[in-house]
Amino acid sequence: MEQPLIVTAAIAIRDGRVLITQRLQGTRDAGMWEFPGGKLEAGESPTEALTREIKEELGANAQVGDIFDVIHYRYDWGAVLLLAYRCTLGDQPLQHLEVADHRWVTPAELRNIAILPADRPLVDRLANILK
């Protein structure tokens with residue numbers, strides 16, 4: 001049986017809005033939006049990977065909190081196990097180091113954004129929390 005790729009995602013909420021990032025051109029699903037995060041590297045815990053990914057992608061220091069949700073999704077190229085954590089980011093301006101763009105959006109705005117399919121269940125959950 002195929003093992004899923006383990007990936008992390010940050011659920012960073014500020015003033016009733018959640019952070020999303022846009023994938024770079026030249027990458028799989030280029031131009032699509034997602035919650036920031038990424039794959040675990042050898043020897044990393046999920047929280048260590050998420051802290052590293054936020055620093056690499058946005059130049060931000062993240063405080064990783066409790067697990068928000070766990071999602072299994074099968075793409076045509078393989079399965080992912082998405083571990084989404086509540087996160088708090090420092091006050092420094094976000095940089096676009098390994099992302100094309102970022103936005104702070106409301107759950108209602110999220111429904112109309114081209115977001116990765118594995119992240120879609122998070123949109124529904126956030127809509128129920130951020131009313």
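In the hairpin formed by strands E1 and E2, two residues lie between the strands, and Asp15 there has a positive phi near 55 degrees. Strands (E, at least two residues) and helices (H or I, at least four) are DSSP runs numbered from the N terminus. The model is predicted: local features need pLDDT of at least 70 and side-chain atom pairs pLDDT 80 or more, while totals for chains, interfaces and linings use all residues. Residues are numbered from 1 along each chain as its sequence is written, and side-chain values use heavy atoms, without hydrogens and water.

Strands count as paired if DSSP finds at least two bridges between them. E1 and E2 run antiparallel and are joined by two bridges; Ile13 stands opposite Val18 in E2. E1 is also antiparallel to E4, with three bridges, and Thr8 has Gly38 in E4 as its bridge partner. With E6, E1 pairs in the parallel sense over eight bridges, and Val7 is opposite Leu82.

The largest pocket holds about 610 Å³ of space. On a 1 Å grid over the protein atoms alone, a pocket is an open set of points where a 1.4 Å probe fits, with protein on both sides within 12 Å along at least five of seven lines; lining residues have an atom within 4 Å of a point. Points are joined across faces, edges and corners, and the volume is the space filled by probe spheres set on them. Of the 28 lining residues, Arg23, Glu34, Gly37, Gly38 and Lys39 are the closest to the centre of this pocket. E1 gives the largest share of the lining, four residues.
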